[in-house]
Number of protein chains: 2
Amino acid sequence: MDRVAADPASAVSETRQWDRLMEMAKLGAIPGDGVNRACLTELDRQARRLLIAWAEPLGLTPSVDVIGNLFLRMEGTEPALAPVLAGSHMDSQPNGGRFDGIWGVLAALEAVQAIREAGMATRRPIEIVAWTNEEGGRFAPGCMGSMAYTGYRPPDTWDAVTDTEGLTFGAELRRQLEAERDIPRRGLGVVDGATPSAYVEAHIEQGPRLEAEDLEIGVVTGIQGSRWFTVEIHGRSDHAGTTPLRLRKDAVQDMLRAIAALNALMHDPEDVLRFTVARIEISPNSSNSVAERARFSIDFRHPDRTVLAERGDAIERVVKGALTTCSATVTERFNADPITFDRLVRDAVEKAARAQGLGTLRLPSGAFHDAQFLARVCPSGMIFVPSRGGVSHHPSEYTSPAHLAAGARVLAGVLADLADR
Amino acid sequence: MDRVAADPASAVSETRQWDRLMEMAKLGAIPGDGVNRACLTELDRQARRLLIAWAEPLGLTPSVDVIGNLFLRMEGTEPALAPVLAGSHMDSQPNGGRFDGIWGVLAALEAVQAIREAGMATRRPIEIVAWTNEEGGRFAPGCMGSMAYTGYRPPDTWDAVTDTEGLTFGAELRRQLEAERDIPRRGLGVVDGATPSAYVEAHIEQGPRLEAEDLEIGVVTGIQGSRWFTVEIHGRSDHAGTTPLRLRKDAVQDMLRAIAALNALMHDPEDVLRFTVARIEISPNSSNSVAERARFSIDFRHPDRTVLAERGDAIERVVKGALTTCSATVTERFNADPITFDRLVRDAVEKAARAQGLGTLRLPSGAFHDAQFLARVCPSGMIFVPSRGGVSHHPSEYTSPAHLAAGARVLAGVLADLADR
């Protein structure tokens, strides 16, 4: 293939990309146009095989690392140069939609295919990546694949983490690696000495701003920080009919007090702070046995690292201060600092969008993404497209084919640009 | 066998009864001396087979009715007379103990064996009964077996009730009836025209009073009423990182408000009222997706039917009034009036205890029991023995072998007395 100046954006196909998205959405389809495709499941493996089946005819080479991250490499004219990396994740929330994550992977495939079809060759290789377990819905926390790839955590950190069935992440990962033993194994990114030259992630906004301002492309400036905790309240089980309330150690009642106190700690009149309790497990969970144990999750996010530190560090004290009869343990499960993306990628996104005549908005990301960890090791950035009603993590999540095509065109431009530097 | 005056109480064996209890406790044993033996499981069926294996050599005849209640009949000298019924249940709470329910069945077996061994024959038949699903831990509500037997509800009322695995009561009952098709089938008690002459249930107190007053036998005066509800809060799932709190419909947060309002409704300075929220299920139950649905149980009990009516009927209004952004549905699952036991059984219990030189206390039952439904159709009553620390529905539930033997002696005297009238 000759190195020629070409316009890869014009080779992006709106219908091809949309058809692939709809085909992927069949794997784990749930009522209301939703998707439930947890990581390291048979459905996840089917989705990965489908991706490979689309990529191999384009001349892309698959490989998998020790944490299960899947790569598809388009060779560059100078193969020894560090590659440009582009992708996202293929796992979904339990009650998720058809676009979160998977679109970033398929947009990278569309962009690379467009670069090929435009007859263009890039100096640097381009690697499409699908990170393992970004959502954290089955195994908490999320972003395990990118944390391991960037050396932020060793890849065996989460081996003992269990899903609600009691299966461990370690055992399920081994099962997947075994099922994919025909795919060549590669080293673990930065840990094994291979740092990309840049990372670009396309994603739906998962917020209302692009739609509200009627703009096509979000130029993501950074990602707010996140801290996840698990609180476990330890009470005593007693008979619900015979035990006077004053003699109980009711884990449900003390959980209510703890969450009410946390609501007060996390109160923010500006409504910038995100505080969510969304997972609760009671034991023995029998209506006529006073709860012996109540476990709940805390998802706390803020763009300001001082707020994250001060309020996050206060959680344990506030929980314990709210209890009347029970005791509690508070465990931090995940801690990601707020980050600001490098100008290299932001400028490339704005330039590519301008070249397409698309309206852009600089905005931070409320959700965390694998890009948050890549930003620690190489210039990284993200491209957002509008989310209807700002809704995500729900079957009704929606972005139009035209908006998705615009995003893929920008990504194609950015990859062609960065891979030629 | 001759009809002779004899003292069946003296033939009660403390060690035989205790050994049988410990043997039964192996079926579903959990750490800390506990038992988890849910109704209509393989463990339940093993326990029923073990009971039959102990009863048949004594000349007792097993039979099963359409709701799975198991009977073991000792014939009387006048077989046409209505039998005296004695027993309890063999299912346990998920995190239950070794005595709740099962002791009432084994005490009846011990009492009948003692009557036999004392060389005594009774005019009336005596039937030992093990009621289906008293606990309601797997399939709510409890007392299905006695409700069906007494005609309080048709036996197919609960066919569609599901356990946490999604299995239905109807299908699991059919499976059990099929597995026990070698046991003779009998009619459904009162519904099919067979009303017992009396019903006696021996049970651990599940409260602290007998222990505190150092008395052996509780003469149960009645049972407080119970109302069970399920509340379902309907919100909307959203991304925990991107969705401002003011735009959310968070089912967990509105559940907290609803329970706090219910705590106020149910406040009772006398501490007689029992209000318990012990079962909670969140959907999708993923830490970074705002809760779309929160379902919780209400177990509400009181000895006064006016309080039960007024506060129970207010639950739906109070829940709905507490919500800020979500909607709710409130469903009543179980409603048992408070009852007062007949003097016939109470007097027989006091007389038998006096004959043994045992100290008695008249007291109401805080827990509900199958006797609550039997009391609607025949003279019924209960014998309590002390519970260490008042604890039940927990592995540490304990009653001493000596106290259990005293209870069985009183039951033997009561059955011999009532079956001769």
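Let's start in a loop of chain B: Asp214(B) sits between helix 6 (209-213) and strand 8 (217-223) of that chain. Asp214(B) is not a glycine, yet its phi is positive, at about 55 degrees. Please keep in mind that this is a predicted model.

**Backbone details in the loops**

- Asp214(B) is exposed, because 9 other C-beta atoms lie within 10 Å and the limit for that class is 12 or fewer.
- Asn133(B) is found in the loop that links strand 6 (126-131) to helix 4 (144-149) of chain B.
- Phi of Asn133(B) is positive too, near 50 degrees, in a residue other than glycine.
- Asn133(B) counts as buried, because it has 31 C-beta neighbours inside 10 Å, where 20 or more are needed.
- In chain A, the peptide bond that joins Ala140(A) to Pro141(A) is cis, its omega being near 0 degrees.
- Pro141(A) belongs to the loop between strand 6 (126-131) and helix 4 (144-149) of chain A.
- Chain B has a cis peptide bond from Ser283(B) to Pro284(B), again with omega near 0 degrees.
- Pro284(B) is placed in the loop between strand 11 (280-283) and strand 12 (293-302) of chain B.

- Helix 3 (residues 102-117) of chain A has 16 residues, which at 1.5 Å a residue should span 22 Å; the end C-alpha atoms are 22 Å apart, in agreement.
- Most of helix 3 of chain A is covered, with 14 of its 16 residues buried.
- Helix 3 of chain A crosses helix 11 (residues 401-418) of chain A at roughly 60 degrees, and their axes come within 8 Å.
- The two helices of chain A are therefore oblique to each other.
- The crossing of helix 3 and helix 11 of chain A is right-handed.
- Helix 3 of chain A brings Trp103(A) and Glu110(A), among others, to this contact, and helix 11 of chain A brings residues including Leu404(A) and Gly407(A).
- Sorted by class, the contact in chain A holds twelve nonpolar residues, one polar and one charged.

**Helix 3 and helix 11 in chain B**

- Helix 3 (residues 102-117) and helix 11 (residues 401-418) of chain B pack with axes 8 Å apart, at an angle of about 60 degrees.
- That makes helix 3 of chain B oblique to helix 11 of chain B.
- Their crossing in chain B is right-handed.
- Among the residues that make the contact are Ala107(B) and Ile115(B) of helix 3 of chain B, together with Leu411(B) and Leu415(B) of helix 11 of chain B.

**Val318(A) in helix 8 of chain A**

- Val318(A) is part of helix 8 (residues 305-322) of chain A.
- With 16 other C-beta atoms within 10 Å, Val318(A) is partly exposed.
- Beyond its sequence neighbours up to four places away, Val318(A) touches Ala261(A), Leu262(A) and Leu265(A).
- Val318(A) and Ala260(A) are 9.9 Å apart, C-alpha to C-alpha, although 58 residues separate them in sequence.

**Where the chains meet**

- Chain A has 50 residues in contact with 50 residues of chain B.
- Elements of chain A that each supply at least two residues to this side include strand 9 (225-234), helix 7 (251-265) and strand 12 (293-302).
- Helix 7 of chain A gives the largest share, four residues.
- The side of chain A that touches chain B comprises 20 nonpolar, 22 polar and eight charged residues.

Notes. Residues are numbered from 1 along each chain as its sequence is written. Chains are lettered from A and ligands numbered from 1 in the order in which they are written. This is a predicted model: local features need pLDDT of at least 70, side-chain atom pairs count only at pLDDT 80 or more; totals for chains, interfaces and linings use all residues. Axes are lines fitted to C-alpha atoms, for helices over the stretch in contact, and angles run from 0 to 180 degrees between N-to-C directions. Angles under 35 degrees count as roughly parallel, over 145 as roughly antiparallel, 65 to 115 as roughly perpendicular and the rest as oblique. A crossing is left-handed if the near helix is turned anticlockwise from the far one by less than a right angle, and right-handed if clockwise. Two residues are in contact if their C-beta atoms, placed from the backbone, lie within 7 Å. Ala, Val, Leu, Ile, Met, Phe, Trp, Tyr, Cys and Pro count as nonpolar, Asp, Glu, Lys and Arg as charged, and the others, Gly among them, as polar. The expected span of a helix is 1.5 Å times one less than its number of residues.
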